[in-house]
Amino acid sequence: MDSREQIAASFLRERFLDIISKLEGKTRNKRFTATLYDNSQVKATFVATTGAYNHIAVEDLHTPIGIVSSALIRTKDIQSLILKMSDLDLFVSIGLSEAKAKETLKNKNLTSNLKSVINEFPKTNQPLTNYGTLLYHLASKLKSQDSKYVSLIDSYIFENKLDTTQRIDCCLDYLRSLINENIDLLELDKACGVGIVITIDEIKQKVEEIISQNKNELLEKRYKFNTGGLMQEVRKQLVWADGKAIKNEVDSQILNILGAKTEADLAPVQKQKKVKEIKPIEKKTLAYKPLSIEEVMSKVDFHKPGENFKTDGYVITKNTEMLLTQHLKETSGKVITRFPPEPNGILHIGHAKAININFGFAKASGGECILRYDDTNPEKEEEKYFTGIKEMVEWLGYKPHRITHSSDYFDQLYDWAISLTKKGLAYVCHQKQQDMQGFNPPPSPWRNRPVEENLSLLNDMKNGIFDEGEATLRMKVTLEEGKQDPVAYRIKFLPHHRTKDKWCIYPTYDYTHCLCDSIENITHSLCTKEFQNRRSTYYWLCNSLDLYCPVQWEYGRLNMNYTVVSKRKIGKLIENKIVNDWDDPRLFTLSALRRRGFPAESINSFCARMGVTGAQAIVDPQMLESEVQDFLNLTATRTMVALEPLKIIITNFDQLNKPYSVSVPDFPSDPDKGWHDIKFSSVLYIESSDFCQNADKDYRRLTIDQTVGLRYAGIVIKVIKVITVGTTIEEIHVEATDVKSAPKPKAFIHWVSNPIEIEVRLYDRLFMHKNPEDTNQVPNGYLSDINSGSLKIVNAYADIHILKSPVLKNYQFERLGYFCVDLDSNDTKLVFNRTITLKDGSSK
């Protein structure tokens, strides 16, 4: 190619718009005017010599390095770029650097927005680089509901009505505040400051006024004075003034007042050494400060009540404004949320997050949260689940504003099903369940049956004419995942716990959920991420019935390693006698966690730390246990217990002149919290692991040759004789010395005297693998992954002062861990569950 062709080919290679879908054809010498990405134009002719366009003849091609009056270029030199200009080249054409363009391409939403903004920009002879900064800013701020306004905003940018990023932001704010698409252009201009010009003289006058108010401080600090505050105040009073002009004027006037910078002005600021103030030492009382879910929820960026339409993806209809006005009238502008569990199982740790988010957001907003039982499936609903759910909500510290049931609205829901059918938006289908499952199943052959026939068949369903599985009512809508026509009603010949035998058809979640939310004026329908693909049905159904439509917000689900939470799978564990019931402390149901001794405050704080993000959280139980540890460390009374007791006889007890009772602090680190008395005698019991006949050099407790101290007793003991039966140590005779006169021992151990016997259940993880449901790790299924050592029961010795402990009271068994009084305890025998072990374990 000659120089003219090289220039033309290079220019077209970088900038040619997608002007033709194919370079094939039989028409010779096809002439056209091509528009380039920088909106310049070029006349060109496609030359077909062999039945295909293999040359482009260009004329009057303007490039940055000259004008090409005519050139003939082979299409293969630029063919791939003629067919489609790359997004990278497109972004570079508006003035982005190549590095910035590549960074932009990593963000799918921003890339899509920027392409839309560029493509809808009016055609002009001016290069797009003149508008690049504004177009990029617009693209970075766009939300999905703004797409209908892109052409209008582009035209305002083109006409220089929106000539700053500030005006673009104001434009978007105004358009998003509109509940309908009737735009008052005069109001829009006013909101964006269109036509308002702040002159240099106005800026000069305002800067002078602001500086005069701060002149004394300016003269004192000179160039170390913070000028940012001055510029901010000027900008606040002259909203539409140019920021650069303000800065230049501030700098100019300060220079006139202070003159050129001196050496002192240029010298770095010397940090003054602070004289350390000696404060009297104060005793600090430790206090547990859990993270508050109200604090977390107060920072989320949810819409305000009545401003549903400002939410990304919210569908606006002609009646939205009227319905929202009525909604605000009925709710007085309050936030209303709901927690809607199915009463067919016990709540688990994932539900705790949902409870905290729904009740926490309502509380943080001064609103209300409803406990609504989603009782639409009579097959597995039992009264114990209703009471259990309410009990757990209240145990976590929340009180529902009111309690409702989906079944409260069965009559209204059926009337709406008739209305939907009359509108041709629902139909009775006879496909079997297996025919509707799977990816992309065939459409129902009954989808287009007449409305009157559907109404008659729906009535037959209601009256029990069809058997179960013979007919369903389906909605004519496609979910985000591609699933078509979800079921609204199915037949179940089962009595309902509340409506008895009134109904033999029951609504599904997809149909019931959004309509109950609408009835109860829910402002924020908060649910886990797996329901995101049902959002389209949610909005479609409310709008199809012309009802108030709440906003559905999704957050990431909370999952825990080393457990299962599925109702069906827990049921199998119970059925196979692997666990005792829903509240078995090895499970992560809320009733099980309570029984194990996990405080509600710790669970709430743990849920708050998980945050409210869209990411699914799969966490190790240790994270929850750490929260429990922090709480119990400050709240669980200390006591001494020997889990595997070993008898000790102090041979010289009478010579010690020690009392038969010892006062022990409930919290050794904070004695002001209280004390309790324990028995002390010549016969006591220590932990069997605290004595070793053949110890290594790192062992720090009692041995044949090594003494040990007894906590709180003020004595050090030394082994005199070990009495065994076979290989079993029956008892140890020791000689005691007052701690004040004895050499300091390497360790002090816990002990009990005149004890009571208690049962202690030592719980560990139920499953061996992190994810027992992962068939790659556990090919034989979760039931084959049971940890055989997940429960060990021992008979331990404890001090008698804990005998009357109430159920669920927490203790720290010193050096062993945290334990909780179990529900199986009675007046004569205590049963304890191990909650968690101590972080540092027992001494060596």
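Here is a friendly set of questions and answers about this predicted model.

Student: What does the secondary structure of the protein come to?
Tutor: Good place to start, and remember that this is a predicted model. The protein has 844 residues, 48% of them buried. Its secondary structure comes to 28 helices and 31 strands.

Student: Where in the protein is confidence lowest?
Tutor: The average pLDDT is 87, and 86% of the residues score at least 70. Strand S5 (residues 336-339) has the highest confidence, at 98. Below 50 we find residues 77-84, a stretch with 21 contacts in the model beyond near neighbours in sequence. The lowest confidence, a mean of 42, is in helix H2 (residues 75-83).

Student: How much of the accessible surface belongs to carbon and sulfur atoms?
Tutor: The accessible surface of the protein comes to about 42,800 Å². The share that belongs to carbon and sulfur atoms is 48%.

Student: Which strands stand at the edges of the seven-stranded open sheet?
Tutor: Follow the order of this mixed sheet: S25-S22-S23-S24-S18-S21-S26. A strand at an edge has a single partner strand, so one of its sides is left without a neighbour in the sheet. That is the case for S25 (748-749) and S26 (751-753).

Student: What covers the buried residues of helix H6?
Tutor: Helix H6 spans residues 132-141, and seven of its 10 residues are buried. They are Gly132, Leu134, Leu135, Tyr136, His137, Leu138 and Ala139. Their cover includes helix H4 (98-105), helix H5 (108-119), helix H7 (150-158) and helix H8 (165-176).

Student: Why is the pair of Phe813 and Phe832 edge-to-face?
Tutor: The search of the whole structure finds 24 aromatic pairs. In the pair of Phe813 and Phe832, the ring centres are 5.2 Å apart. Planes over 60 degrees apart count as edge-to-face, and here the angle that decides it is 65°.

Student: How many residues apart are Phe813 and Phe832?
Tutor: Phe813 lies in strand S29 (residues 810-813), while Phe832 lies in strand S31 (residues 831-837). The pair links distant parts of the chain, and the separation is 19 residues.

Student: Are Phe813 and Phe832 buried or exposed?
Tutor: Buried means under 20% relative accessible area. Phe813 is at 0%, and Phe832 is at 0% too. Phe813 therefore counts as buried, and Phe832 also counts as buried.

Student: Which residue lies over the face of Trp503?
Tutor: Trp503 belongs to an aromatic cluster with Phe410, Tyr414, Tyr489, Tyr506 and Tyr511. At 5.9 Å from the ring centre of Trp503 lies Lys462.

Student: How far from the centre of the Tyr811 ring is the charged end of Lys809?
Tutor: Here a charged end sits over a ring, with Lys809 giving the charge and Tyr811 the ring. The distance to the ring centre is 5.1 Å.

Student: How far apart in space are Glu601 and Lys289?
Tutor: Glu601 lies in helix H26 (residues 600-610), and it is partly exposed, with a relative accessible area of 41%. In sequence, Glu601 and Lys289 are 312 residues apart. In space, from C-alpha to C-alpha, the distance is 9.7 Å.

Technical notes:
Residues are numbered from 1 along each chain as its sequence is written. This is a predicted model: local features need pLDDT of at least 70, side-chain atom pairs count only at pLDDT 80 or more; totals for chains, interfaces and linings use all residues. Side-chain values use heavy atoms; hydrogens and water are left out. Two strands pair if DSSP finds at least two bridges between them. Helices (H or I, at least four residues) and strands (E, at least two) are DSSP runs, numbered from the N terminus. Buried means under 20% relative accessible area, exposed over 50%, partly exposed in between (1.4 Å probe, protein chains only). Contact means heavy atoms within 4.5 Å. Rings of Phe, Tyr and Trp (its six-membered ring) pair if their centres lie within 6.5 Å; planes under 30 degrees apart count as stacked, over 60 as edge-to-face and the rest as tilted. A charge sits over a ring if NZ of Lys or CZ of Arg is within 6 Å of the ring centre and within 35 degrees of the ring normal. Accessible areas come from the Shrake-Rupley method with a 1.4 Å probe; for residues, only the protein chains shown count as cover. pLDDT is the predictor's confidence in each residue, from 0 to 100.
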